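Hi there,

Here is the structure I promised to pass on to you.

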Amino acid sequence: MVSDRLARVTLLRLAEPGDAVMGRLVASYGPEVAVGQIREGALDPEFTRWFVSSHRRSSAGSQDEQPAARLARMLASWSARLETADAARDLAEGEWGGARLVIPGDPEWPTQLDDLGDSRPHALWLHGEADLRFSCLRSVAVVGSRAATPYGAHIAAEFGAGLGERHWSVVSGGAYGVDGAAHRGALAGETATVAVLACGTDVAYPSAHHQLFAAVRSQGVLVSECPMGVHPTRLRFLVRNRVIAALSRGTVVIEAAVRSGALNTAKHAIALNRHLAAVPGPVTSENSAGCHRLIRQGTAACVTAPEEMIELVGAMGADLAPEPRGPVLPRDQLDPETRRVLEAMPARIGAGPATIAVDAGVDLETVLSCLGGLAAAGYVERGSRGWRLRPERP
């Protein structure tokens, strides 16, 4: 088991996160044998035949690099990284910094990550008090624009707080804008929040979120498949989105332009057969154009409150959102005939019961029986020229 963990720590150094070819190699032969083949500089012939065959079918008719040459180049890249990899040192540095390593089969490993197939992380570095697997059993991914408007930041914080109040964890990426607001909203309650990073758990990126990450560590957990000291790249931001989508039961997009990294997370959620929702914004806002397109295409459900998101991802029949209702006015309690008489009452110049009966479409006896009750309730009054609505007093 120790050698298996060391091999997986080595794999985190050899291949970029989400490398499906390395994932297939590990799934076929196990992490120790995979590292051994890379160390020897020769992959199993059966694996090479599989790669060449599958990539010839996918690139038929194109002028792309030959599959065999491409695999050889990938092997050379892994081998070059292997020369500087030191799994024992990585483990010691992680533990010294307060982080812990979890691998498939560990009690804290979220089994829903297996849905990623060959792109499943080889291992994860965690830093925080919360248990990752337990935190993600009831969780929602909240993602959106880094350049969030005040509207987007407000809605993200409301969703984070609302989900937390109902004991649903918030999973996000710890970035500026919607991510940070969602994490802060979740931290307002007692439920854990999960921040999936595109860098090592010991790297505060963005640096302005140093205090936010400290709060997440105390109440939730930081997650990364990058070794200690690794800094983020644009590709790592996009690839880590698959982990955000896989960890949670569903993803809600709050503010996303037509070209937005949040829409990349939405694509992963769809591919993983997870629930997807989007929050509408002003139709004049470019920051909400991506959300509106998801809703218009029928790809995402339209949600406007945390309760609606919980209804989408929760247990059928048990997590229903309350139906929105307007305020109940006193006149709503009137019976239909009395309400018709009240609606027929003149506002300024008084009218006699016979005239009111004609306007209300009821008989005179009904009008006479209703007027007393309406007057006692303060709706109408009798003046010198007949009955009229009683003016509202401040």
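The side chain of Glu165 meets that of Arg166 in a salt bridge, with 3.7 Å from N to O. Arg166 counts as partly exposed, because its relative accessibility is 31%. A salt bridge is a side-chain nitrogen of Lys or Arg within 4 Å of a carboxyl oxygen of Asp or Glu.

Before going on, please keep in mind that this is a predicted model, in which local features need pLDDT of at least 70 and side-chain atom pairs count only at pLDDT 80 or more, while totals for chains, interfaces and linings use all residues. Residues are numbered from 1 along each chain as its sequence is written, and side-chain values use heavy atoms, with hydrogens and water left out.

How many salt bridges does the rule give? The count comes to 14 salt bridges. One of them joins the side chains of Arg81 and Glu16, at 3.1 Å from N to O. Arg81 lies in helix H5 (residues 67-82) and Glu16 in the loop between helix H1 (2-14) and helix H2 (20-29), so this pair ties together parts that are 65 residues apart in sequence. Helices (H or I, at least four residues) and strands (E, at least two) are DSSP runs, numbered from the N terminus. Both partners are partly exposed: Arg81 has a relative accessible area of 31%, and Glu16 has 25%.

Another salt bridge links Arg120 with Asp114, where the closest N and O atoms are 2.8 Å apart. Arg120 is partly exposed at 25%, and Asp114 is partly exposed at 37%.

**The inside**

Which residues touch the most other members of the largest nonpolar core? They are Leu132, Val194, Leu247 and Val253, in a core of 34 residues. The elements that give two or more residues to this core include strand S2 (124-127), strand S3 (139-144), helix H11 (234-247) and helix H12 (261-271). H11 gives the most, with five residues. A nonpolar core is a set of buried Ala, Val, Leu, Ile, Met, Phe, Trp, Tyr and Cys residues joined through side-chain atoms within 4.5 Å.

Nine of its ten residues are buried, so H9 is largely enclosed by the rest of the structure. Among these buried residues are Val178, Asp179, His183 and Leu187.

**Two loops to compare**

Ala351 is found in the loop between helix H15 (336-343) and H16, and it counts as buried at 13% relative accessibility. Its C-alpha is 5.1 Å from that of Trp387, although the two residues are 36 apart in sequence. Ala147 sits in the loop between S3 and helix H8 (150-165), and Ala147 counts as exposed at 59%.

Enjoy exploring the model!

Best wishes

Definitions and conventions. Buried < 20%, exposed > 50% of the residue type's maximum accessible area, 1.4 Å probe, protein only.
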